[in-house]
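Hi,

Here is the structure I said I would pass on. Have a look at it below, and then read on for what turned up.

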Amino acid sequence: MRRPLGRSVAGALRYLRRCGPVLVLLGGLALFGTGQLIRSGADTTDRAFTDRAATGRVAEEVGSALGRAFSYAATDSESTRTAARAVFDGTAGEQYLALTERLGGWVGEQQLVLTSRVVSAGVVRLGADRAELLVLLDQSARRADGPPTATAAQLLVSARLEAGHWLVTDLKSL
């Protein structure tokens, strides 16, 4: 025998009244937990993996700057220093100055030509005006009286966007 429809609806409503607060509480906990995961997860302002154009631009500008700054010849070291001053700032500028002062006399004596080429520049973090990159360089050195030697360099680079251009602000050799 079938029950009247009114009784099954009334029973369902009683069941929902008893279980409803528990369901609302569980839903609230689920939303709270999801919010905490999102908030504690990846930096939502980091555009390194979401903004391809900005990522490509910072990688290109910083990579080009490093290639120029770390390619120099004994016969034309001043133009390299001038180019480096235009793109290095803060700690990176001080680091570059110290490096060129250390190498200055030696480069002239050896008639050294150093060529640096960026093999890869990967953006690790990218904000509105700050970036961190991992840059891999191939470097070739040639002395006036000897064969070329090749080496590689890995740098962790910090950069800052200023007046529409990326400036290198820190360099760490890895």
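To start with one detail, Ser158 sits opposite Asp170 of strand S5. Bear in mind that this is a predicted model. The strands behind that pair, S4 and S5, run antiparallel to one another and are joined over 8 bridges.

Zooming out, S4 and S5 belong to an open sheet of 5 strands, ordered S1-S2-S3-S4-S5 with antiparallel pairing. The edges are taken by S1 (72-73) and S5, and each has a single partner strand, so one side of each has no neighbour in the sheet.

Next, the core. The largest nonpolar core has 27 residues, and those touching the most other members are Val62, Leu66, Phe88, Leu133, Val157 and Leu171. Helices H2 (52-69), H3 (77-87) and H4 supply at least two residues each, as do strands S2 (113-126), S3, S4 and S5. H2 gives the largest share, with 7 residues. As for Val62, if you leave aside neighbours within four places in sequence, its contacts are Leu133, Val157, Ala159, Trp166 and Val168.

Then there is the largest pocket, with about 430 Å³ of space. What lines it? There are 21 lining residues, and Phe70, Leu99, Leu114, Gln139 and Ala153 lie nearest the centre. At least two lining residues come from each of H4 (90-110), S3 (130-142), S4 (149-162) and S5 (165-173).

Cheers

Methods: Residues are numbered from 1 along each chain as its sequence is written. This is a predicted model: local features need pLDDT of at least 70, side-chain atom pairs count only at pLDDT 80 or more; totals for chains, interfaces and linings use all residues. Side-chain values use heavy atoms; hydrogens and water are left out. On a 1 Å grid over the protein atoms alone, a cavity is a set of points where a 1.4 Å probe fits but cannot get out, and a pocket is an open set with protein on both sides within 12 Å along at least five of seven lines; lining residues have an atom within 4 Å of a point. Grid points are joined across faces, edges and corners, and a volume is the space filled by probe spheres set on the points. Helices (H or I, at least four residues) and strands (E, at least two) are DSSP runs, numbered from the N terminus. A nonpolar core is a set of buried Ala, Val, Leu, Ile, Met, Phe, Trp, Tyr and Cys residues joined through side-chain atoms within 4.5 Å. Buried means under 20% relative accessible area, exposed over 50%, partly exposed in between (1.4 Å probe, protein chains only). Contact means heavy atoms within 4.5 Å. Two strands pair if DSSP finds at least two bridges between them.
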